[in-house]
Amino acid sequence: MRLKLSCLLVSLVGCGTLHGARPLHPGQHEVGLVAGGPMIQLGGPLPLPNAVLGARSGLGHIAGRPLDLGYGTNLTGLPFGIVSLYGDLGWLALDQKGAAPAFTVRNKLFWSHNLLASKRDDVPKEPWAADELDLIVSWKLREHVFHGTIGQVFDFTGPQLNLVAGIGAALDFGRPGGLVLEPEVRWWALNHVSRERNVQFIPANPGAIGIHLGFAYRFGRGMGKGAR
């Protein structure tokens, strides 16, 4: 059971959320599901079966550029008695100008607690929280957005330099808004070499590569004019 819980906790740390490379404008919304997680060696490369239900809503404008709110829950831990929530704020600091990318700052707060876990698991009931600060560059091509991310994850139980990098896209093949496909590859803890691991990640060290695939639906006023 301890090995299962170890895999699950790693999955919660490396969960994917609705990316939000381009914050939404007021009156615009997005709901979706993101699946996948860090890759482990389990008879072959396999992403941890993580599932996150999330949403985003435009809040307003700061200096004329959009600010939005993201929120959601990790569904994977619920059968094991682990409640996991997240919330984030994203602001478009710079607009795209030609080949010069747009620049977004996004901060995410994760909170988990195994308060519903069975007492037979012999694991102490305690909360866990982390904060992730992401700096995101993105380029819009027609209705598609391609993005790159560099971020820092602060584990409140032991703060240290814990970098994450990623590349991905928001692919909108129909009218602006509607159904959007959000693939992303992330390299978690890319500066961290662990000597002891309960699970074998890919690569063996440093960190772990994660694969996420999101399915989102966007709606609201002015989707054809709003950022992605």
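Predicted model: local features only at pLDDT ≥ 70, side-chain atom pairs only at ≥ 80, totals over all residues.

Visitor: Which residues line the second largest cavity, and which of them lie nearest its centre?

Guide: Ten residues line the second largest cavity, and G20, A21, H147, A170 and R218 lie nearest its centre. By class, this lining has three nonpolar, three polar and four charged residues.

Visitor: Why is R186 called buried?

Guide: The relative accessible area of R186 is 3%. Buried means under 20%, and R186 is therefore buried. This residue lies in strand 10, which covers residues 178-188.

Visitor: How do you know that the side chains of R186 and E132 make a polar contact?

Guide: The distance given for the side chains of R186 and E132 is 2.7 Å. A polar contact requires N or O atoms within 3.5 Å, one able to donate a hydrogen and the other to accept it. The pair of R186 and E132 is listed as such a contact.

Visitor: What else does R186 touch?

Guide: Not counting residues up to four places away in sequence, R186 touches several residues, including H19, K108, D134, T149 and V164.

Visitor: Why is V164 called buried?

Guide: V164 has a relative accessible area of 1%. The cut-off for buried is under 20%, so V164 is buried. V164 is found in strand 9, residues 163-170. Leaving aside neighbours within four places in sequence, V164 is in contact with residues that include E132, Q152, R186 and W187. The C-alpha atoms of V164 and Q152 are separated by 6.1 Å, and these residues are twelve apart along the chain.

Visitor: Why is H25 called partly exposed?

Guide: H25 has a relative accessible area of 21%. Buried means under 20% and exposed means over 50%, with partly exposed in between, so H25 is partly exposed. The place of H25 is in the loop between helix 1 (2-13) and strand 1 (28-41).

Visitor: Which side chain is joined to that of H25 by a polar contact?

Guide: The side chain of H61 is joined to that of H25 by a polar contact of 2.9 Å. H25 is also 7.0 Å from D68, C-alpha to C-alpha, while the two are 43 residues apart in sequence.

Visitor: What makes A63 exposed?

Guide: A63 has a relative accessibility of 63%. Exposed means over 50%, and A63 therefore counts as exposed. A63 lies in the loop between strand 3 (51-62) and strand 4 (65-74), and has a positive phi of about 55° although it is not a glycine.

Visitor: Why is R142 called exposed?

Guide: The relative accessible area of R142 is 75%. The cut-off for exposed is over 50%, so R142 is exposed. R142 lies in the loop between strand 7 (127-141) and strand 8 (144-155), and its phi is positive, about 55°, although R142 is not a glycine.

Technical notes. Residues numbered from 1 in each chain as written. Heavy atoms only, no water. Helix = DSSP H or I, 4+ residues; strand = E, 2+ residues; numbered from the N terminus. Buried < 20%, exposed > 50% of the residue type's maximum accessible area, 1.4 Å probe, protein only. Contact = heavy atoms within 4.5 Å. 1 Å grid on protein atoms, 1.4 Å probe; cavity = no way out; pocket = protein on both sides within 12 Å on 5 of 7 lines; lining within 4 Å. Nonpolar A, V, L, I, M, F, W, Y, C, P; charged D, E, K, R; others polar.
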